[in-house]
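Hello,

Here is the structure I promised to pass on to you. Please have a look at it first, and then read my notes below.

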Amino acid sequence: MKEQLEKIYADASKDIENAVTSGDIDEIKNKYLSRKGELNSIKKNLKDLSVEDKKNVGSLANEIAQKLEAAVAQKFETIYRKELDEKLQKEKIDITMPGKFIPQGKVHPLTQTTNEIVDIFHSLGFSLVGNQNSPEVETEYYNFDMLNIPKDHPARDVQDTFYCNLASNVVLRSQTSGAQIHVMEEQKPPIRIIAPGRVYRNEDVNARKNNFFHQIEGLLVDKNITMGDLKGVLNEFIRLYFGESRQTRFRSSFFPFTEPSVEIDVQCIMCGGKGCRVCSGTGWLEILGAGMVDVNVLKGVGIDPEVYSGFAFGMGVERLAMLKYAVDDIRQFFNNDARFLNQF
Ligand code: DAH
């Protein structure tokens with residue numbers, strides 16, 4: 001039995017030496033050291049021996065078992081280290097590899113500009129008009145009649161205004177000014193609102209003009225409102241919007257729904273005021289029309305012009321964006337060219 005044990009020890013030691021993988025180690029443990037392993041089967045036969053032999057062979061078997069267990073543990077440690085190293089090597093992440101590109105949507109520059117302008121007017125105490133008071137499909141009543149625009153005014157001509165075939169008096173609004181009427185029909189002064197939205201005009205499309213564009217309408221009606229208030233609010237808006245000084249000019253103008261009327265021009269930054277195709281060679285770009293609300297408009301909605309006065313304005317969102325970001329063609333906003341849009 002002693003020889004058998006010696007042989008087991010020798011075989012097992014050789015197997016341990018030759019083991020390469022952790023799988024080999026498992027096999028060795030199974031073969032020699034497990035409950036059904038070779039060492040145990042010898043121990044089972046001890047009962048047939050004399051007391052003396054039992055003691056000798058038994059302690060030898062235990063000694064061998066201990067030695068083998070230690071050897072197996074040591075070998076396993078080495079193999080495990082090696083296998084771990086290999087695994088780490090194989091699964092190493094190369095952080096210099098380019099990542100996966102996940103395209104990200106962005107807010108359209110005109111929406112960004114509108115949001116910015118709305119924020120500025122919020123800070124000046126104006127509130128936003130709901131969509132129901134600023135519809136894109138309007139009747140002539142709101143788009144023209146109530147704004148003191150005479151029946152024979154050229155702006156009503158189909159060459160300027162898109163008429164809908166729903167009914168003869170329905171138009172795609174040519175200006176956001178109709179929102180003023182909706183609001184004043186509903187609300188009595190003090191009124192301080194803005195209404196952003198899309199407007200449509202039957203224009204020849206070029207670098208300056210598109211057949212739809214965006215406006216932001218503003219209206220303030222209260223007691224003792226003067227041209228000084230109009231100028232103060234709009235100058236403050238320009239200062240906040242451009243965030244830097246820009247040359248501007250107030251020009252007197254005419255709109256049927258304001259008296260007196262003005263327009264504000266901002267120096268063209270595309271040419272630095274020298275004159276280019278965007279500013280039609282003038283060096284200036286008109287950004288808004290404004291004026292003191294006409295007495296006829298106030299009377300039309302039942303506001304007493306002896307008690308109240310107000311000012312209104314309508315600004316072009318595309319123009320304001322072009323002047324801030326030096327966009328030299330209005331069509332860029334509508335081409336959906338990602339190379340352009342991604343710059344904002
Ligand atoms: N609605 C005018 C336009 O589209 C702009 C405008 C001028 C709006 C004067 C106003 C205003 O509210 O008072 O050309």
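**Where the ligand sits**

The ligand sits in the largest pocket. A pocket here is an open set of points on a 1 Å grid over the protein atoms alone, with protein on both sides within 12 Å along at least five of seven lines, and sitting in it means that more than half of the molecule's atoms lie within 2 Å of its grid points.

Before going on, please note that this is a predicted model, where local features need pLDDT of at least 70, side-chain atom pairs count only at pLDDT 80 or more, and totals for chains, interfaces and linings use all residues. Residues are numbered from 1 along each chain as its sequence is written, and side-chain values use heavy atoms, leaving out hydrogens and water.

- Ser177: a polar side-chain atom lies 3.0 Å from a ligand nitrogen.
- Gln180: a side-chain N or O atom is 3.0 Å from a ligand oxygen.
- Ala312: a polar backbone atom is 3.2 Å from a ligand oxygen.

Best wishes

How values were computed. Polar contact = N/O pair within 3.5 Å; in protein donor to acceptor, adjacent residues only side chain to side chain. 1 Å grid on protein atoms, 1.4 Å probe; cavity = no way out; pocket = protein on both sides within 12 Å on 5 of 7 lines; lining within 4 Å.
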